[in-house]
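This report covers packing and surface features of one protein model. Please have the sequence and the coordinates open while reading.

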Amino acid sequence: FNLCDTLPPGTAARSLRLRSVVLALLLAVVDAASATSHDRAEVRLSRLVDEMREHPERAYPLDRISESLGFSPSNLLVRFKRLTGLPPHAFLLERRIDRAKAMLSSGMSVASVAHQLGFSSSQHFSSQFKSVTGVPPTKYFRKT
């Protein structure tokens, strides 16, 4: 405000300078507030990714996730891919297949693994497993 006080009162220059200073102050406040909420949103997204790693059997509907994190669905997709390198569905599928490999190696049946990991059927699980690994789950089991 010292800059404004050096200009003559009631002039257009003083009024313009005062408006400029107030606008800069308001923008700084808005930037500070959005940086804090942005950081919190990134932490919540990281927690979601950790939860997906720990519990790939759960359903993670995009609309519910984006709403709970305060992102639009498209913004969630961009941020998720930036964080993990994959879109949410592909990331979750890879986590499920990783878990399925361990379950199959322990001797569980294909149907049981499919059911426990939330696939709609053992056929759907088998096709997804083969698309990721290149071999059907029954052959993967025999290889290990």
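The model is predicted, so local features need pLDDT of at least 70 and side-chain atom pairs count only at pLDDT 80 or more, while totals for chains, interfaces and linings use all residues. Residues are numbered from 1 along each chain as its sequence is written, and side-chain values use heavy atoms, with hydrogens and water left out.

A nonpolar core is a set of buried Ala, Val, Leu, Ile, Met, Phe, Trp, Tyr and Cys residues joined through side-chain atoms within 4.5 Å; buried means under 20% relative accessible area, exposed over 50%, partly exposed in between (1.4 Å probe, protein chains only). Helices are DSSP runs of H or I with at least four residues, numbered from the N terminus.

| Core | Size | Residues include |
|---|---|---|
| Largest | 14 residues | Leu104, Val113, Phe119, Phe125, Phe129 |
| Second, separate | 13 residues | Leu45, Val49, Ile65, Leu92 |

Beyond its neighbours within four places in sequence, Phe125 has contacts (heavy atoms within 4.5 Å) with residues including Ile97, Leu104, Val113, Phe119 and Pro137.

In helix 3 (residues 62-69), Ile65, Ser66 and Leu69 are buried. They lie on the same side of helix 3 because they cover an arc of only 95° around the axis, taken from the directions from the helix axis to the C-beta atoms. Asp63, Arg64, Glu67 and Ser68, on the other side, are exposed. Gly70 follows helix 3 and has a positive phi, near 80°.

Definitions and conventions: Helix = DSSP H or I, 4+ residues; strand = E, 2+ residues; numbered from the N terminus.
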